[in-house]
Amino acid sequence: MANREHLALLKAGAVKWIEWRQKNPQMKPDLSAANLQGDNLRGANLQEANLNRADLGNALLVRANLSGADLSSANLYKAILIEANLSAANFTIANLRGATLTQADLSHANLIGADLSEANLMRSVMTDANLIGTDLRSANLKDADLGAAKLHRTNLSFANLIAANLIAANMSEANLYEAEVMGAYLYKTDLYKANLSKAHLGGAYLFRANLCEADLTDANLAWTNLSGANLTGANLRGANLRGANLRGAHLSGVNFQKTIMPDSSRHD
């Protein structure tokens with residue numbers, strides 16, 4: 001349970017909280033299981049705070065500093081975290097469904113098993129973040145930076161990844177069913193056995209990406225750069241490769257049945 005003194009100071013308002021944190025820089029606030037639902041915590045310094053199992057549903061956390069904080073199993077349903085510093089924070093199994101995280105810094109954050117479905121992460125920074133098994137269904141990740149992020153078995157079905165940076169990210173066995181990935185940067189991205197069926201990848205940069213055994217059934221790959229990509233054993237049945245660059249790509253065992261080829265011809 002939360003430390004009563006720490007919770008009372010936070011509830012007392014921004015001025016008292018700032019003064020206390022400045023006088024006690026080594027103190028790590030214990031706000032575990034605290035009820036902060038709907039509270040205005042705009043700009044609050046919650047660095048390295050213990051917010052395990054805390055209820056922050058609908059809380060206002062614009063530009064708050066939560067770097068290094070423990071938010072495991074916390075409820076942040078529809079919380080507003082615009083431009084918040086969440087670097088290296090622990091969100092294991094946290095509920096962030098429908099949260100607004102535009103331009104938030106989530107670099108090196110731990111989001112294993114978290115629910116970020118329908119969250120707005122537009123232009124957020126998630127470099128080197130751990131998103132293994134995270135639920136990002138229908139999330140908005142447009143222009144987000146996910147460079148070198150761990151997205152193994154992550155659910156990104158129906159997600160918006162337009163122009164997102166996914167360079168060197170691990171997306172093996174991820175679910176990108178009907179995801180919008182147009183113009184995304186996927187250089188050296190690992191998409192081994194990923195589900196990209198019906199995904200929209202038009203104009204995406206997949207140079208040297210690993211798509212070995214990936215499911216690209218009915219995917220739109222028009223004008224994508226697949227040069228040097230590994231498509232060994234991939235399923236491209238019904239996919240659209242019109243104008244795609246396949247120079248140097250590994251195509252052993254690829255299923256091209258009913259695929260529209262780069263020259264616009266249809267494969268038998």
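How many aromatic pairs does the count come to? The count comes to five, where rings of Phe, Tyr and Trp (its six-membered ring) pair if their centres lie within 6.5 Å, with planes under 30 degrees apart called stacked, over 60 edge-to-face and the rest tilted.

Before you click, note that this is a predicted model, with local features needing pLDDT of at least 70, side-chain atom pairs counting only at pLDDT 80 or more, and totals for chains, interfaces and linings using all residues. Residues are numbered from 1 along each chain as its sequence is written, and side-chain values use heavy atoms, leaving out hydrogens and water.

**First stop: the aromatic cluster**

Select Tyr187 and Tyr205. Their ring centres are 6.4 Å apart and their planes stand at 40°, so this pair is tilted. Tyr187 and Tyr205 both lie in the segment after α2 (14-23), so the pair ties together parts 18 residues apart in sequence; helices here are DSSP runs of H or I with at least four residues, numbered from the N terminus.

Now colour by accessibility: Tyr205 has a relative accessible area of 32% and is partly exposed (buried is under 20%, exposed over 50%, partly exposed in between, with a 1.4 Å probe and protein chains only).

Phe207 is partly exposed at 25% relative accessibility. Together, Tyr187, Tyr205 and Phe207 make one aromatic cluster.

**Last stop: Arg266**

Finally, select Arg266, which sits in the segment after α2. With 55% relative accessibility, Arg266 counts as exposed.

Terms used:
Helix = DSSP H or I, 4+ residues; strand = E, 2+ residues; numbered from the N terminus.
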